[in-house]
Amino acid sequence: MAEPARARPKPTPETQHFWDGTQAGELRLQRCDACANVYFPPRPFCPSCASRKVSVFKASGKGKLYSYVINHRPAAPGFTPPYAIAVVELDEGPRMMSNIIDCPQTPEALELDMKLEVAFEKLDDKITLPMFRPAKG
Amino acid sequence: MRKKQVAIVGAAETTELGVIPNMSQIQLHADAALNAIADAGLKLSDIDGIATAVETPQQIAHYLGITPTWVDGTSVGGCSFMLHVRHAAAAIEAGLCKTVLITHAESGKSMIGKLPRSIPADSLQGQFEAPFGVYGPPSMFPIPVLRFMKTYGITHEQLAMVAVVQREWAAKNPRAMMKEPITVADVLNSRMIAYPFRLLQCCLVTDGGGALILTSADRAKDFPNKPVYILGTGESVETPMVSQMETFNSSRAFKVAGPTAFKEAGIAHKDVDHVMIYDAFAHLPLYGLGDLGFMPHEETGKFIADGHTRPGGKLPLNTNGGGLSYMHSGMYGMYALQESVRQMRGIAPAQVPNAKISVCHGVGGMFAASGTIIFTNER
């Protein structure tokens, strides 16, 4: 029997650009053309001023560790506990949930506000997930 | 909404709480409803308004044989019942109905007749949270707490004291699931669930239910039990995605619902005799005390650790033992309301002497929604 798989995101028309971006190795955010608000998760209008004139752009992929838990139990399918579930504050402002890779999953190693950079992990042929690792240098 | 125009005239929990393997979820609703109707001295045919969450109002109305003229199916998580109380009070005042029944029940432990909760893969949660390993409330609800602790200098020991103090209240309550005294060391040595939270900082998983009956204050004096008047109400929602909260240093939904209720009640914090703050996890009372304006957030951990919320303390909090020690079937808001009503009636197992004003604050989802009800037993 196959190993239970990690929950797989299913893009919608409004989020397709984000998932196309991760496939192409880019973290894509949206910016309002009217008020310059940068926001996430994706939607085709600005949640701050309601303008429908918004643009997709490639984000820096840099951020810092805002908060996290280290989940022990119950573990989600496809995960081996303990594993950290993190919220990353991107340099552009929005926050997103992710996992921290290339780092021990311990309170000592996972320091709040540590600098992070995006890393892309292929889930299958169609979906690549945005992960984060401690920033180099 | 005007103050003290509507009252709770019936309140009851299911006959049993805890593990109830001989009853389905809908029957737990009925058991609580029939107990509340008996408590109010009413007949089912007297009920003309119905509200419930998760289960639909039509399921409960049909099962009980009720024909309502007013219906509320607001389902925003564990504080749904606070919102039902608020909506019902407005409906009674507006003349849409006279006597409202609010029910909650969940076969949270035995899982009999309970629909599974699932997150669609194409929802925003399914795309932007589920792939990163969130799996049920213990993996999600504590995500903000490390940031909260760093911002305000809250310690692990203070967060352990939340569980210790609530166990002291539970010890006085024969219906509490967990009554054995615990220490800070017990909490900090209990099994790790999702760092920084351990087993004793996470709510119980049980079966049970509760129901409330509301009517106008003018009619309320004719009922068998002491009426409990609604003094102030508030509600709000923020986001179903914990990762997308405006800040982890407070809950926007709390900061809207709580102060709205205080303003409506026209009371100051020093007037409050008794507080319930929905404690799905140990950090919630700290967020609640801060966001509702009882004190600055940075003082909340010390306030609890210093014993001010324990039996005999100046601000009795979660006097039934809370979701951590009393019971938690999945949507605990109903049990917080039941305890506030018992305190206002003067019949709680751990009664606060001469309590006249009770604040009951609920959370829905992972800080997704909030409702606050302020009660008084004085007309």
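This is a predicted model: local features need pLDDT of at least 70, side-chain atom pairs count only at pLDDT 80 or more; totals for chains, interfaces and linings use all residues.
User: What pairs with β5(B), and in which sense?

Analyst: Two residues count as contacting when their C-beta atoms lie within 7 Å, whereas strands count as paired when DSSP finds at least two bridges between them. β5(B) and strand β4 of chain A, residues 62-71, are antiparallel and share two bridges. For a place to look, A:Asn71 has B:Ala194 in β5(B) as its bridge partner.

User: Which part of chain A carries a domain annotation, and how much of that part is helix or strand?

Analyst: An unreviewed UniProt entry annotates residues 59-121 of chain A as "domain: ChsH2 C-terminal OB-fold". In the model, that stretch is 46% strand and 0% helix, with its end C-alpha atoms 17 Å apart.

User: How should I read the order of strands in the sheet with β1, β2 and β3 of chain A?

Analyst: The order β2-β1-β3 describes an open sheet of three strands with antiparallel pairing. Its edge strands are β2 (38-39) and β3 (54-58) of chain A, each of which pairs on one side only. Between β1 of chain A, residues 28-32, and β3(A) there are five bridges, and these two strands run antiparallel. A:Cys32 is opposite A:Val54 of β3(A).

User: Now β8 of chain B: how many of its residues are buried?

Analyst: A residue is called buried if 20 or more other C-beta atoms lie within 10 Å of its own. For β8 of chain B, residues 228-237, ten of ten residues are buried, and the strand is mostly covered.

User: Which strands are joined to β8(B), and over how many bridges?

Analyst: Strand β1 of chain B, residues 6-13, runs antiparallel to β8(B) and is joined to it by two bridges. In that pairing B:Ala7 has B:Tyr229 as its bridge partner. Strand β11 of chain B, residues 369-376, also pairs with β8(B) in the antiparallel sense, over eight bridges. There, B:Glu235 stands across from B:Gly371 of β11(B).

How values were computed. Residues are numbered from 1 along each chain as its sequence is written. Chains are lettered from A and ligands numbered from 1 in the order in which they are written. Helices (H or I, at least four residues) and strands (E, at least two) are DSSP runs, numbered from the N terminus. UniProt positions are given in the numbering used here, feature names are shortened, and annotations may be inferred rather than shown by experiment. A residue is buried if 20 or more other C-beta atoms lie within 10 Å of its own, exposed if 12 or fewer, and partly exposed in between; C-beta atoms are placed from the backbone.
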